[in-house]
Amino acid sequence: FIIQNLSGLVDKNSNILISINTGFEYDKLGLQYNNVALLWPPLEQAYIDADAYIEHYQRIYPQTSEEDLKNRRDNFKKFDFIILKKTEAFIDTEKIKEKTDKEKWLMSAELFNRLKNGLVNGYHLYKENKYIYIFTTTP
(Lines give C-alpha, C1' and ligand atoms only; values in the text may rest on other atoms or scores of the structure.)
Protein backbone atom coordinates (compact mmCIF):
# COMPACT_ATOMS: atom_id res chain seq x y z
CA PHE A 1 0.00 0.00 0.00
CA ILE A 2 2.74 2.46 0.93
CA ILE A 3 4.97 1.70 -2.04
CA GLN A 4 2.02 1.69 -4.42
CA ASN A 5 0.78 5.11 -3.24
CA LEU A 6 4.15 6.84 -2.97
CA SER A 7 5.62 5.50 -6.21
CA GLY A 8 6.24 8.38 -8.58
CA LEU A 9 5.74 10.96 -5.81
CA VAL A 10 9.02 10.57 -3.96
CA ASP A 11 12.57 11.05 -5.14
CA LYS A 12 15.99 10.72 -3.53
CA ASN A 13 15.46 14.03 -1.70
CA SER A 14 12.10 13.14 -0.16
CA ASN A 15 11.83 12.79 3.62
CA ILE A 16 9.36 10.55 5.39
CA LEU A 17 8.30 10.28 9.04
CA ILE A 18 6.91 6.83 9.80
CA SER A 19 5.57 5.03 12.87
CA ILE A 20 8.04 2.57 14.32
CA ASN A 21 7.56 -1.08 13.38
CA THR A 22 5.81 -0.25 10.11
CA GLY A 23 6.91 -2.41 7.22
CA PHE A 24 8.31 -0.11 4.55
CA GLU A 25 10.78 -1.05 1.83
CA TYR A 26 11.97 2.52 1.25
CA ASP A 27 14.78 1.37 -1.04
CA LYS A 28 12.16 0.31 -3.61
CA LEU A 29 11.34 4.03 -3.95
CA GLY A 30 14.99 5.00 -4.37
CA LEU A 31 15.23 6.35 -0.82
CA GLN A 32 18.14 5.94 1.55
CA TYR A 33 17.89 5.20 5.28
CA ASN A 34 18.60 8.85 6.11
CA ASN A 35 15.43 9.87 4.22
CA VAL A 36 13.26 7.98 6.72
CA ALA A 37 12.76 9.13 10.31
CA LEU A 38 11.09 6.86 12.84
CA LEU A 39 8.30 8.24 14.97
CA TRP A 40 8.78 7.16 18.55
CA PRO A 41 5.35 7.89 19.99
CA PRO A 42 3.68 9.95 21.08
CA LEU A 43 3.36 12.28 18.11
CA GLU A 44 4.68 15.73 19.05
CA GLN A 45 4.73 19.04 17.25
CA ALA A 46 8.55 18.96 17.41
CA TYR A 47 8.54 16.22 14.77
CA ILE A 48 6.84 18.41 12.20
CA ASP A 49 7.52 22.05 13.07
CA ALA A 50 10.96 23.71 13.18
CA ASP A 51 10.03 26.21 15.91
CA ALA A 52 8.60 23.48 18.13
CA TYR A 53 11.69 21.36 17.47
CA ILE A 54 14.01 24.19 18.58
CA GLU A 55 11.93 24.83 21.73
CA HIS A 56 12.03 21.12 22.55
CA TYR A 57 15.78 20.97 21.97
CA GLN A 58 16.37 24.01 24.19
CA ARG A 59 14.39 22.42 27.03
CA ILE A 60 16.60 19.34 26.86
CA TYR A 61 19.88 21.20 26.26
CA PRO A 62 19.47 24.67 27.81
CA GLN A 63 23.16 25.54 27.37
CA THR A 64 22.98 25.26 23.57
CA SER A 65 24.62 28.16 21.75
CA GLU A 66 22.65 30.42 19.43
CA GLU A 67 24.89 29.28 16.57
CA ASP A 68 24.06 25.63 17.21
CA LEU A 69 20.33 26.43 17.40
CA LYS A 70 20.56 28.33 14.12
CA ASN A 71 22.30 25.35 12.48
CA ARG A 72 19.67 22.98 13.83
CA ARG A 73 16.86 25.20 12.54
CA ASP A 74 18.55 25.50 9.13
CA ASN A 75 18.98 21.73 8.93
CA PHE A 76 15.48 20.84 10.14
CA LYS A 77 13.89 18.52 7.59
CA LYS A 78 10.24 19.05 6.83
CA PHE A 79 8.72 15.71 5.99
CA ASP A 80 7.15 15.25 2.60
CA PHE A 81 5.08 12.37 3.94
CA ILE A 82 3.97 11.25 7.38
CA ILE A 83 2.93 7.60 7.68
CA LEU A 84 1.11 6.59 10.87
CA LYS A 85 -0.16 3.21 12.01
CA LYS A 86 -3.79 3.27 13.09
CA THR A 87 -2.84 1.24 16.16
CA GLU A 88 -0.90 4.15 17.67
CA ALA A 89 -2.36 5.13 21.05
CA PHE A 90 -2.81 8.73 19.93
CA ILE A 91 -5.07 7.41 17.14
CA ASP A 92 -6.72 4.47 18.91
CA THR A 93 -7.37 6.59 21.99
CA GLU A 94 -8.79 3.72 24.08
CA LYS A 95 -5.14 2.75 24.54
CA ILE A 96 -4.41 6.04 26.31
CA LYS A 97 -6.10 4.59 29.40
CA GLU A 98 -3.10 2.26 29.70
CA LYS A 99 -0.53 5.10 29.58
CA THR A 100 1.00 6.65 32.66
CA ASP A 101 1.48 10.11 31.13
CA LYS A 102 -2.08 10.50 29.88
CA GLU A 103 -1.84 14.28 29.36
CA LYS A 104 1.05 13.89 26.93
CA TRP A 105 -0.87 11.25 24.97
CA LEU A 106 -4.07 13.31 24.95
CA MET A 107 -2.09 16.24 23.52
CA SER A 108 -0.74 13.86 20.90
CA ALA A 109 -4.28 12.72 20.06
CA GLU A 110 -5.33 16.36 19.68
CA LEU A 111 -2.37 17.02 17.36
CA PHE A 112 -3.30 13.96 15.31
CA ASN A 113 -6.89 15.17 14.96
CA ARG A 114 -5.65 18.56 13.78
CA LEU A 115 -3.32 16.80 11.34
CA LYS A 116 -6.17 14.63 10.06
CA ASN A 117 -8.30 17.74 9.53
CA GLY A 118 -5.57 19.52 7.55
CA LEU A 119 -4.75 22.05 10.28
CA VAL A 120 -1.04 21.32 10.81
CA ASN A 121 1.71 22.95 8.73
CA GLY A 122 0.00 22.39 5.39
CA TYR A 123 -0.34 18.61 5.78
CA HIS A 124 -3.46 16.83 4.58
CA LEU A 125 -4.62 13.23 4.49
CA TYR A 126 -3.43 11.74 1.23
CA LYS A 127 -4.40 8.05 1.53
CA GLU A 128 -5.50 5.56 4.14
CA ASN A 129 -6.34 1.92 4.43
CA LYS A 130 -7.33 -0.38 7.26
CA TYR A 131 -3.87 -0.11 8.83
CA ILE A 132 -2.27 3.26 8.10
CA TYR A 133 -2.72 6.92 7.27
CA ILE A 134 -0.48 8.75 4.80
CA PHE A 135 -0.27 12.54 5.09
CA THR A 136 1.52 14.92 2.75
CA THR A 137 1.99 18.58 1.97
CA THR A 138 1.94 18.01 -1.79
CA PRO A 139 -1.32 18.61 -3.68
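This is a predicted model: local features need pLDDT of at least 70, side-chain atom pairs count only at pLDDT 80 or more; totals for chains, interfaces and linings use all residues.
## Thr64 and its neighbours

Leaving aside residues up to four places away in sequence, Thr64 touches Tyr57 and Leu69. Is Thr64 buried or exposed? Its relative accessibility is 17%, and buried means under 20%, so Thr64 counts as buried.

## Helix α2

Tyr57, one of the residues that Thr64 touches, brings us to helix α2, which covers residues 50-60. Tyr57 is buried there, together with Ala52 and Ile54. What do the buried residues of α2 pack against? Their partner is α3, residues 66-74.

At the start of α2, have a look at Asp49. One of its side-chain oxygens comes to within 3.3 Å of the backbone nitrogen of Asp51.

Strand β5 takes in residues 132-136, and five of the five are buried, so the strand is largely enclosed by the rest of the structure. Which residues lie on each side of β5? Ile132, Ile134 and Thr136 are on one side, with Tyr133 and Phe135 on the other.

Two strands pair with β5, and you can follow each in turn. Strand β3, residues 81-85, pairs with β5 in the antiparallel sense over five bridges. Within this pairing, Lys85 has Ile132 as its bridge partner in β5. Strand β4, residues 124-128, also runs antiparallel to β5, and four bridges join them. Here the bridge partner of Lys127 in β5 is Ile134. How many residues does the hairpin between β4 and β5 pass through? The hairpin joins these strands through three residues.

## A nonpolar patch on the surface

For a view of the outside, turn to Tyr33, Leu38 and Trp40. These residues form a nonpolar patch on the surface, and their accessible area together is about 380 Å².

Tyr33 belongs to the loop between β1 (16-19) and β2 (36-39). Why does Tyr33 count as exposed? Exposed means over 50% relative accessible area, and Tyr33 has 58%, so it falls in that class.

Notes:
Residues are numbered from 1 along each chain as its sequence is written. Side-chain values use heavy atoms; hydrogens and water are left out. Patches are made of residues with over 30% relative accessible area and no salt bridge: like charges are joined within 9 Å, nonpolar side chains (Val, Leu, Ile, Met, Phe, Trp, Tyr) within 5 Å. Accessible areas come from the Shrake-Rupley method with a 1.4 Å probe; for residues, only the protein chains shown count as cover. A salt bridge is a side-chain nitrogen of Lys or Arg within 4 Å of a carboxyl oxygen of Asp or Glu. Buried means under 20% relative accessible area, exposed over 50%, partly exposed in between (1.4 Å probe, protein chains only). Contact means heavy atoms within 4.5 Å. A polar contact is a pair of N or O atoms within 3.5 Å; within protein, one must be able to donate a hydrogen and the other to accept it, and residues adjacent in sequence count only if both atoms are side-chain atoms. Two strands pair if DSSP finds at least two bridges between them.
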